[in-house]
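Please take a moment to look over the sequence and the structure below, and keep both at hand while reading. The paragraphs that follow go from the overall layout to single side chains.

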Amino acid sequence: MTDYWCPSAWLPDGLVSGVRVRVENGVFTEVSAGSEPGDATRLPGVVFPGFANAHSHAFHRGLRGRTHGDGGTFWTWRTRMYDLAGRLDPDNYLLLARAVYAEMALAGITCVGEFHYVHHAPDGTRYRDPNAMGHALAQAAREAGIRLTLLDTCYLAGGIGQEISEEQRRFSDGDVHVWAERVARLAPTPDLRIGAAIHSVRAVPRAALATVAAFDGPIHVHLSEQPAENDACLTAYGRTPTQLLADAGALGPRTTAVHATHLTSHDIALLGESHTGACLCPTTEADLADGIGPARELADAGSPISLGSDQHAVVDMLLEARALEHGERLRTGQRGRFSPAELVGAMTAHASLGWPEAGRIAVGAPADLVAVRLDSPRTAGCTPEQVLLAATATDIDTVVVGGREVVRAGVHILGDVGRLLGAAMAVVEAAR
Ligand SMILES: [Zn+2]
């Protein structure tokens with residue numbers, strides 16, 4: 001049993017001063033506002049529920065600082081990404097993902113949704129354990145001390161009506177039923193849940209969509225990130241990607257549409273009315289020149305908003321939340337499109353990853369806490385309510401995941417995460 005005292009904390013109804021929480025067996029058993037610290041462990045600054053990173057491709061971390069300044073397009077970036085994907089194996093992916101997930105823990109992320117499609121050996125051959133790569137990701141998250149939702153991704157085509165390409169062979173199971181059989185062999189654990197993903201309407205043919213959508217768990221899908229996807233879908237099927245997914249029964253409260261950038265008003269209505277979630281990845285969408293999605297309209301239509309660091313140009317949910325609001329301001333010329341409380345909701349959208357009990361400081365919830373300092377060069381003078389619009393991940397002092405202190409005084413349980421990342425990337429770079 002551990003007691004923590006927070007000078008201020010975001011509770012389900014908003015920001016509250018003097019919050020004492022009791023943690024037993026990894027969950028909150030008492031939460032009392034207006035309390036004195038007494039003998040509880042004092043956390044600094046403002047304490048948030050654990051952050052959920054709803055969209056990750058762990059290996060893209062290897063592209064950071066190497067692909068942002070050389071021009072090109074989304075599609076030329078993708079070529080660089082395929083080269084990196086081609087170097088991964090279960091052993092080096094464990095090293096890389098463990099370091100990336102440790103970086104996430106430092107940033108207050110207590111659960112990550114890994115949109116996982118690098119399934120097989122580079123030539124498409126199955127590993128002896130057909131889920132060797134997924135199991136490596138699960139082990140990586142466990143060792144980094146965060147929870148994982150493995151969104152096992154169906155990826156069957158190189159584009160609408162196109163064969164899979166050479167570098168995409170390792171992503172494909174060849175057939176949606178073979179994909180489903182492999183995914184059925186993945187087993188959840190206390191810190192791992194299994195979800196499914198439709199890579200996109202580019203990579204999953206129309207006839208296969210319903211099979212993936214029938215998966216019993218969270219379902220994610222890349223949706224309308226680029227106008228070219230919409231054009232190809234309209235040409236092939238005479239409807240937008242959103243409409244195609246709706247017709248296949250793939251929308252609904254278990255589904256999260258990732259990006260949702262280039263939507264028609266009818267698409268927004270389809271997503272909102274079905275309570276399909278929308279995961280925006282604002283720093284990635286900016287880096288790849290995708291565009292600014294209609295986040296406020298989606299939220300107003302009924303879509304819960306979540307956030308992801310996607311390609312990990314930065315791993316910082318505070319920056320993602322700020323970029324979400326800033327994108328809205330730039331797009332509309334209006335401030336305050338999302339309130340601080342709504343931004344906290346987007347940063348802590350664990351339900352999108354199949355953990356509806358997480359993401360709040362409340363009795364019965366997993367005991368996740370993120371303490372953001374109010375005395376750093378960035379945050380000195382901030383009000384507790386607005387610190388999320390000024391702080392960065394560097395200002396995070398303590399991170400508790402399911403009652404375990406994974407980060408203390410800004411240091412992760414595995415030690416120097418920069419060194420871990422550098423060492424892992426050197427191993428991946430040397431492969432092949
Ligand atoms: Zn993605």
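In this predicted model, the protein chain is divided into domain 1, made up of residues 2-49 together with 365-417, and domain 2, which covers residues 51-353. The centres of the two domains, taken over C-alpha atoms, are separated by 28 Å, and the contact between them takes 27 residues from domain 1 and 27 residues from domain 2. About 2,100 Å² of area is buried between domain 1 and domain 2, and carbon and sulfur atoms give 72% of this area. On the side of domain 1, Leu388, Leu389 and Val417 supply 26% of the area buried against domain 2, which is more than any other three residues.

How many salt bridges are found across the interface of domain 1 and domain 2? There is one. The side chains of Arg147 and Asp368 meet in a salt bridge, with a distance of 2.5 Å from N to O. The charged end of Arg147 also sits over the ring of Trp355, 5.2 Å from the centre of that ring, and the charged end of Arg193 sits over the ring of Trp355 as well, at 3.8 Å from its centre.

Asp368 is also among the residues touched by Phe48, a list that includes Trp10, Val344, Met347 and Leu388. Phe48 lies in strand E5, residues 46-48, and its relative accessible area is 0%, so Phe48 counts as buried.

The aromatic rings deserve a separate look. A pair of aromatic rings is described by the distance of the centres and the angle of the planes. A search of the whole structure finds ten aromatic pairs. In one of them, the rings of Phe74 and Trp77 have their centres 5.9 Å apart and their planes at 40°, and the pair is therefore tilted. Phe74 and Trp77 are separated by about one helical turn, because they are three residues apart in helix H1, residues 74-85, and both Phe74 and Trp77 are buried.

Another pair is formed by Tyr117 and Tyr155, whose ring centres are 5.7 Å apart and whose planes stand at 40°, so this pair is tilted.

Technical notes: Residues numbered from 1 in each chain as written. Predicted model: local features only at pLDDT ≥ 70, side-chain atom pairs only at ≥ 80, totals over all residues. Heavy atoms only, no water. Phe/Tyr/Trp six-rings, centres within 6.5 Å; stacked < 30°, edge-to-face > 60°. Helix = DSSP H or I, 4+ residues; strand = E, 2+ residues; numbered from the N terminus. Buried < 20%, exposed > 50% of the residue type's maximum accessible area, 1.4 Å probe, protein only. Lys NZ or Arg CZ within 6 Å of the ring centre and 35° of its normal. Contact = heavy atoms within 4.5 Å. Domains from an automatic or database assignment. Buried area = accessible area lost by both parts, 1.4 Å probe. Salt bridge = Lys/Arg side-chain N within 4 Å of Asp/Glu carboxyl O. Lists of a residue's contacts leave out its neighbours within four places in sequence.
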